[in-house]
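This report describes selected geometric features of one protein model.

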Amino acid sequence: MSDPSVRVRFAPSPTGSLHIGGARTALFNWLFARGRGGVVALRSEDTDIERSTAASEAAVLDDLRWLGIDWDEGPDTGGPFGPYRQSERKEIYRAEAERLVAAGQAYPCFCTDEELEARRRAAQAAGRTPQYDGTCRDLDEEERDARRAEGRPESLRFRVPGEPAVVRDLIRGDVVFPADAVGDFVILRSNGLPTYNFACVVDDAAMRFTHVIRGEEHLSNTNRQVFLYRALGHPEPAFAHISLILNPDRSKMSKRSGEAATFVSEFRAQGYLPEALINFLALLGWSWDGEREMFSRQELTEKFSLERVNATPAVFNREKLEWMNGQYLRAMPLAERATRVRAYLAERGRLPARPDAAEFLERATAAVGDRLKTLADVEGYAGFAFSEAFDVDPAARAEVLAKAGARERLLALAERVEKAEPFTVEALEEAARALASELGVKAGDLFFPARVALTGRKVAPGLFEVILLLGKERAVRRLREAAAWWGEKAEEPAAR
């Protein structure tokens, strides 16, 4: 499948964070080009001057790099067809627009926003599809000068040829747009900035992209773009429109943040691995044989093709992503897992402030064991050991206080831990089980209050891994401090 002439692009708008749908689009472009020895370019579509920021552009590029998606040409690397920011290409758009005007394929429009809105509402009220009504289409030069003298805004509209447009889509087959699908549309706004469709065509042609692989939401724009390619005398690229990404309830996965993360930065902050997220995103609309799910980046590059991309919407299953992330983590040697955890905590500013942080985090990662599904789980399950201060779940504390004999068992266990030699999981478990037998109680009646005393919660890593992680001195101190809960309870107003 080698074809070094292949050129593709990813063209984000730097108006916010990188959405998971945008990341999938970038990935599909990247896989398609890299598998054929082609070129990947990145273009910043920053013509929304009110919302586009340099910070957003930097954040999008950083998230792409974190995912392992690189590019050969772009705003940060340059290339033979730059500049790669649309805000720096205004003169190119103006020249191409004037070329269309000179050929009679575009014309000045002096309609105000208020007038256009009134006509749109009138069309809707009459049951017609709102389209430009051609008010300025056939004005002569004298009429145009008169409108300029009035100080009216002046934009440029493309003269739609009034014929069907056929988009040959590599995923969907031929998509036919009827002749009346669109009216004359603006290509250059009154402020001199290009519209999306015009800038997109001018840039894609100038940058010589052979394939345009993008989201399904852009399909409705493509007939306009086909008309522009033809009017400008440029060959059309091969189009491929990827399906929507849906939530499990079949609603569209929109750009929102919060618990239902939709931005790459949120998944990154939650402790997902880039390789797991890449693997998962590749399966949103593409499959190899319908069965296999785990692929390395190299395997994806070798196997990916547009022929295996499905046109039906893909459902984003967060549980599956978490499962996949856990699979990647558990396949790593412990040392690598701990290194990833350390890097993650350092990036989040949550690295434990202790001289043996690397060794400690390896012990913490080992203690969490198979519970580890994301990098954040180490702090989630073992955060009780990160510092001296830790929170105790009030319900768990109350349950311990209600158990007869728990205080004495905690003190006895503290003594055994203090004397344990060697200080290993095996020796600690042997000592604790022997103590339970001597006290004539079930092991759980000793282990449960100890777990709450040491971690502050009912659910935690294995008790002896917890003791080893805390270290002998801290573990003994926490057990004895918990034994003092009964004295504190006697001082509470409700107990007086």
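## Cavities

The lining of the second largest cavity divides into 4 nonpolar, 2 polar and 1 charged residues; here Ala, Val, Leu, Ile, Met, Phe, Trp, Tyr, Cys and Pro count as nonpolar, Asp, Glu, Lys and Arg as charged, and the others, Gly among them, as polar. The residues concerned are Pro12, Ser13, Pro14, Ser44, Glu57, Val60 and Leu61. The volume of this second largest cavity is about 30 Å³. A cavity is a set of points on a 1 Å grid over the protein atoms alone where a 1.4 Å probe fits but cannot get out, and lining residues have an atom within 4 Å of a point. Grid points are joined across faces, edges and corners, and the volume is the space filled by probe spheres set on the points.

The structure is a predicted model, in which local features need pLDDT of at least 70 and side-chain atom pairs count only at pLDDT 80 or more, while totals for chains, interfaces and linings use all residues. Residues are numbered from 1 along each chain as its sequence is written, and side-chain values use heavy atoms, with hydrogens and water left out.

A search of the whole structure finds 2 cavities of 30 Å³ or more. The largest has a volume of about 50 Å³, and its lining consists of Phe10, Ala26, Val40, Ala41, Leu42, Leu64, Ile69, Asp70 and Trp71. By class, this lining holds 8 nonpolar residues, no polar residue and 1 charged residue. Strand S2 (residues 39-42) supplies the largest share, 3 residues. Helices (H or I, at least four residues) and strands (E, at least two) are DSSP runs, numbered from the N terminus.

## Sheet geometry

An open sheet is formed by 3 strands in the order S3-S4-S7, with antiparallel pairing; two strands pair if DSSP finds at least two bridges between them. Its edge strands, S3 (106-109) and S7 (185-188), each pair on one side only. On average, neighbouring strands of this sheet are turned by 45 degrees against each other, direction ignored.

S3 and strand S4 (residues 155-158) run antiparallel and are joined by 4 bridges. Within S4, Ser155 is the bridge partner of Cys109.

## Helix packing

Helix H15 (residues 394-401) packs against helix H18 (residues 443-455) at an angle of about 140 degrees, with the axes 10 Å apart. H15 is therefore oblique to H18. Angles under 35 degrees count as roughly parallel, over 145 as roughly antiparallel, 65 to 115 as roughly perpendicular and the rest as oblique. Axes are lines fitted to C-alpha atoms, for helices over the stretch in contact, and angles run from 0 to 180 degrees between N-to-C directions. The H15 and H18 crossing is left-handed; a crossing has this hand if the near helix is turned anticlockwise from the far one by less than a right angle, and is right-handed if clockwise.

For helix H9 (residues 274-282) and helix H11 (residues 318-330), the packing angle is about 135 degrees and the axes are 9 Å apart, so H9 and H11 are oblique to each other. Their crossing is right-handed.

Most residues other than glycine have a negative phi, and most peptide bonds are trans. The peptide bond from Gly82 to Pro83 is cis, with omega near 0 degrees, and Pro83 is placed in the loop between helix H2 (54-67) and helix H3 (90-102). The bond from Glu421 to Pro422 is also cis, with omega near -5 degrees; Pro422 belongs to the loop between helix H16 (406-419) and helix H17 (425-439).

Arg208, a residue other than glycine, has a positive phi near 60 degrees. The loop between helix H6 (196-206) and strand S8 (211-215) contains Arg208.

Notes:
1 Å grid on protein atoms, 1.4 Å probe; cavity = no way out; pocket = protein on both sides within 12 Å on 5 of 7 lines; lining within 4 Å.
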